[in-house]
Amino acid sequence: MSELVTLEAIRQAAERLKGVAMRTPLVPFPYEGRRVLLKAESLQPIGAFKIRGAYNAIALLSEEERGRGVITYSSGNHAQGVARAARALGVKATVVMPEIAPLVKRRRVEADGAEVILVGPASEERKRVAEDLARERGLTIVPPYNDDNVIAGQGTAGLEIVEDCSDVAAVLVPIGGGGLASGVAVAVKALRPSCRVYGVEPALAADARESLAAGRIVSWPAEHVARTIADGARAQAIGDRTFAHLRALLDGVVTVSESEIARGVRLAAEQSRLVVEPTGALTVAAAAFRWDDLGLGKLDGPVVAVVSGGNVEMEAYRELLRD
């Protein structure tokens with residue numbers, strides 16, 4: 001197994017991302033008087049953290065690769081990241097998305113000029129179609145998570161957390177494919193080794209937790225992970241690169257229920273005035289409902305919960321806000 005992404009690679013990514021990705025704020029989440037801050041990636045230009053990894057990966061391509069174009073497969077937020085990054089860098093982009101992806105995400109991908117190809121709900125189908133098209137058209141794949149340049153880009157969020165909250169005691173980060181959790185863990189552990197880093201998954205799509213417990217990558221059926229409202233966490237399996245990072249650096253993975261995710265969406269609005277999508281609310285739910293399980297109240301310092309995105313259909317959002 002090759003070495004993990006380095007802090008230096010993340011620092012270099014941060015330089016590339018200046019003027020592209022927003023340095024998102026740490027917003028107080030005063031739920032029951034707890035010392036929690038939300039890293040509001042929902043405020044990024046595309047409404048999610050994915051611009052970080054997508055831009056870093058495309059910026060590192062050769063001129064020849066850029067000239068041929070790029071392709072990715074994504075349920076939504078990475079699709080938006082690739083479409084926006086490609087437009088900014090003058091690169092043609094193709095995106096393979098599931099038919100069940102939120103319409104708001106699909107429309108934004110198209111608005112940035114990317115070609116959208118719709119397939120079934122299985123993440124493995126998306127990947128297979130993208131790989132076939134890449135071979136046929138000579139396109140370069142920009143993976144949603146299992147790529148060191150993508151991981152380094154996502155890690156810039158962790159760099160910012162420690163720079164803006166030097167006494168952070170724990171970081172909660174959502175896990176879909178594991179790219180964000182991998183990058184954040186690299187940065188946080190390198191800069192503040194005593195800080196705990198916990199991944200958070202939906203109980204209905206907990207393949208990363210099962211993989212880490214088994215010591216090998218475990219894949220969940222598409223129909224199983226499709227049950228969760230956290231559409232950004234419906235990856236059927238983490239990748240070999242993200243598995244290596246998570247196994248080496250995470251202090252643990254916790255899961256939250258569907259009702260807790262919905263409550264997390266509401267709590268983010270009520271406590272922190274943030275519009276958060278269900279995947280972004282994973283860590284909010286963990287901060288609210290897994291506080292004692294993780295022993296967070298015993299730590300000497302604040303807890304930072306990474307809110308990964310805020311791209312949610314308004315009708316679905318209204319439903320989530322109802323008691």
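**Close-up views of a predicted model**

**View 1. Surroundings of Arg290.** Apart from neighbours within four places in sequence, Arg290 makes contact with Val254, Thr255, Val256, Ser257, Glu260 and Ala285. The model shown here and in the other views is predicted. Arg290 sits in the loop that links helix H13 (282-289) to strand S10 (303-307). With a relative accessible area of 16%, Arg290 counts as buried, because the limit for that class is under 20%.

**View 2. The six-stranded sheet.** The open sheet has 6 strands in the order S1-S2-S10-S7-S8-S9, and the pairing is mixed. Strand S1 (26-28) and strand S9 (252-256) form the edges, each pairing on one side only. From one strand to the next, the twist averages 30 degrees. In general, strands of a sheet pair through backbone hydrogen bonds, in either the parallel or the antiparallel sense.

View 3. Strand S7 (residues 170-174) pairs with strand S8 (residues 196-202) in the parallel sense, over 5 bridges. Pro174 has Val200 in S8 as its bridge partner. Helix H7 (residues 148-164) lies across S1, strand S2 (36-40), S7 and S10. The direction of H7 is at about 140 degrees to that of S2.

**View 4. The largest nonpolar core.** This core holds 40 residues, of which Phe29, Leu38, Leu172 and Leu296 touch the most other members. At least two residues each come from S2, S7, S8, S9, helix H12 (258-272), H13, S10 and helix H14 (314-321). The biggest contribution is that of H13, with 7 residues. Leu296, leaving aside neighbours within four places in sequence, is in contact with Ala170, Leu172, Tyr198, Trp291 and Val303. Another core, of 35 residues, lies apart from the largest one and has Ile151, Ile238, Phe243 and Leu250 among its members. In soluble globular proteins, nonpolar side chains tend to be buried together.

**View 5. Contact between H12 and H14.** The axes of these two helices come within 8 Å and cross at roughly 90 degrees. H12 and H14 are therefore roughly perpendicular to each other, as the angle falls in the range of 65 to 115 degrees. On the H12 side, Ala262, Val265, Arg266 and Ala269 take part in the contact. They meet Tyr317, Leu320 and Leu321 in H14.

**View 6. Cys165 and Cys195.** The closest cysteine sulfur to that of Cys165 is in Cys195, at 8.5 Å. The sulfur of Cys195 in turn has that of Cys165 as its closest, also at 8.5 Å.

**View 7. Glu136 in helix H6.** Glu136 is found in helix H6 (residues 123-137). Glu136 is exposed, because its relative accessible area of 64% is over the 50% limit. Glu136 and Ala111 are 25 residues apart along the chain, and their C-alpha atoms are separated by 25 Å.

Note on methods: Residues numbered from 1 in each chain as written. Predicted model: local features only at pLDDT ≥ 70, side-chain atom pairs only at ≥ 80, totals over all residues. Heavy atoms only, no water. Helix = DSSP H or I, 4+ residues; strand = E, 2+ residues; numbered from the N terminus. Buried < 20%, exposed > 50% of the residue type's maximum accessible area, 1.4 Å probe, protein only. Contact = heavy atoms within 4.5 Å. Pairing = 2+ DSSP bridges. Axes fitted to C-alpha atoms, helices over the stretch in contact; angles between N-to-C directions. Core = buried A, V, L, I, M, F, W, Y, C linked by side-chain atoms within 4.5 Å. Disulfide = S-S within 2.5 Å. Parallel < 35°, antiparallel > 145°, perpendicular 65-115°, else oblique.
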